[in-house]
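Here are my notes on the model, as numbered points. Please read them with the coordinates open.

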Amino acid sequence: MEGLSREREQPWRVLEFYSGIGGLRYSLMEAGVDAVVVEAFDINDVANDVYEHNFGHRPYQGNIQTLSAADLDRYGADVWLLSPPCQPYTRQGLQKGSSDARASSFLKILELIPQCSRPPVMLFVENVVGFEASDTHEKMINMLRENHFDSQEFILSPLQFGVPYSRPRYFCMAKRKPLCFQKAHFNNVICWAPGPIIGYEESMVTSEEAESNAYWNKLLETTRPVRDFLELGEVISEAGASEISEDTEGGSEFIVHPSNQYLVPSSLVERWGSAMDIVFPESRRCCCFTKSYFRYVKGTGSLLATGLAKRKIEMSSLQELELRYFTPREVANFHSFPKDFQFPEHVSLRQRYALLGNSLSVGVVAPLLRYLFTHQSS
């Protein structure tokens with residue numbers, strides 16, 4: 001693919017920090033970049049099991065804070081990809097920022113970059129909305145400026161890429177001069193940018209525009225329906241008493257789980273029904289799945305209505321909706337993970353949901369990486 005290869009005949013050498021279950025690596029692969037991950041880093045043992053199961057390589061599991069600039073220099077890496085812990089910056093959390101212990105490893109990495117004899121020429125950082133208002137963000141931007149990086153920042157949601165999944169995230173891309181971006185940033189602000197074209201001024205919208213209902217309503221017209229992300233026949237063998245039913249409106253098949261582990265217990269429907277986010281196969285938007293999905297039903301992600309007799313939420317009883325949780329494979333589909341992504345058998349159902357809740361959207365990150373790796377010198 002033009003613009004994605006280096007001028008010399010060698011692939012980009014990449015370090016993948018906070019690698020989790022491999023979202024960044026899958027994004028790199030989907031982007032079509034000529035690159036090789038020379039090392040991945042994650043402290044979560046179960047996440048590393050999943051990563052190793054899919055890529056045949058187990059990430060470095062030591063504490064990132066013990067690494068030195070000399071340690072990182074030995075990898076000879078050109079690009080660092082980072083998805084650091086989001087808890088210090090979430091709106092539901094204490095928002096302690098850099099004073100939160102979970103921010104310390106990322107702060108250490110920021111300190112190491114100027115100390116490296118071979119610092120990265122490109123950086124990619126992903127985090128929650130709210131990170132851009134933190135003191136950690138301020139420290140990162142100051143480091144980039146002081147070390148001759150040109151940076152661009154975005155807030156993006158999979159909804160802007162045709163995926164019916166509301167999961168806005170903050171992204172920062174940086175290139176060390178003389179490398180530069182293909183297009184200048186839009187007014188030097190953090191923007192919302194509709195996919196798939198990233199970095200072009202004419203495709204940007206400001207935060208104020210993105211907050212309007214009209215913008216999102218227009219966007220949803222081109223978003224794929226939820227049914228496109230549901231498991232079909234292949235789930236029957238592992239789901240037990242599942243049955244494939246016919247969607248009377250769209251004519252496409254989707255899975256109903258009448259008597260298995262994915263059904264929402266009636267007691268929870270009675271207690272929390274009014275607070276649940278309920279979607280249908282024809283819906284074009286669902287809420288973000290958190291790491292607590294399946295453990296709790298309130299505020300952790302959407303539930304799928306599989307009842308066929310009536311398709312309106314105003315029906316007399318929520319029980320008629322036959323609510324179920326989305327399966328881990330379906331959540332992975334909303335993340336745009338490839339079909340060959342799998343969990344090792346020993347990883348429990350709750351662990352699968354937790355790992356997915358901490359992961360990222362390949363459908364959003366891949367276009368960003370494609371844009372980042374487009375080579376251009378000032």
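1. Start with F294, in the loop between β12 (286-287) and β13 (303-305). Helices (H or I, at least four residues) and strands (E, at least two) are DSSP runs, numbered from the N terminus. Phi of F294 is near 85 degrees, positive although the residue is not glycine. F294 is buried, at 17% relative accessible area. Buried means under 20% relative accessible area, exposed over 50%, partly exposed in between (1.4 Å probe, protein chains only).

2. A word on the source. This is a predicted model, in which local features need pLDDT of at least 70 and side-chain atom pairs count only at pLDDT 80 or more, while totals for chains, interfaces and linings use all residues. Residues are numbered from 1 along each chain as its sequence is written, and side-chain values use heavy atoms, with hydrogens and water left out.

3. Y18 also deserves a look. Its phi is near 55 degrees, a positive value in a residue other than glycine. Y18 sits in the loop between β1 (12-17) and α1 (23-30). Its relative accessibility is 12%, so Y18 counts as buried.

4. Next, the peptide bond from K177 to P178. It is cis, with omega near 20 degrees. P178 belongs to the loop between β7 (169-176) and β8 (191-192). For context, most residues other than glycine have a negative phi, and most peptide bonds are trans.

5. Strand β5 covers residues 149-156. Six of its eight residues are buried. β5 pairs with β7 in the antiparallel sense, over eight bridges. Two strands pair if DSSP finds at least two bridges between them. Within this pairing, S151 stands opposite A174 in β7.

6. What does N54 touch beyond its neighbours within four places in sequence? The partners are Y26, D340, F341 and Q342. Contact means heavy atoms within 4.5 Å. N54 itself lies in helix α2 (residues 45-55). A polar atom of the N54 side chain is 2.7 Å from the backbone oxygen of Q342.

7. Finally, the whole chain. It has twelve helices and 14 strands. Of its 378 residues, 55% count as buried. Among contacts with a separation of 6 or more, 69% join residues 24 or more positions apart. The accessible surface comes to about 17100 Å², with 47% belonging to carbon and sulfur atoms. Accessible areas come from the Shrake-Rupley method with a 1.4 Å probe; for residues, only the protein chains shown count as cover.

Technical notes:
A polar contact is a pair of N or O atoms within 3.5 Å; within protein, one must be able to donate a hydrogen and the other to accept it, and residues adjacent in sequence count only if both atoms are side-chain atoms.
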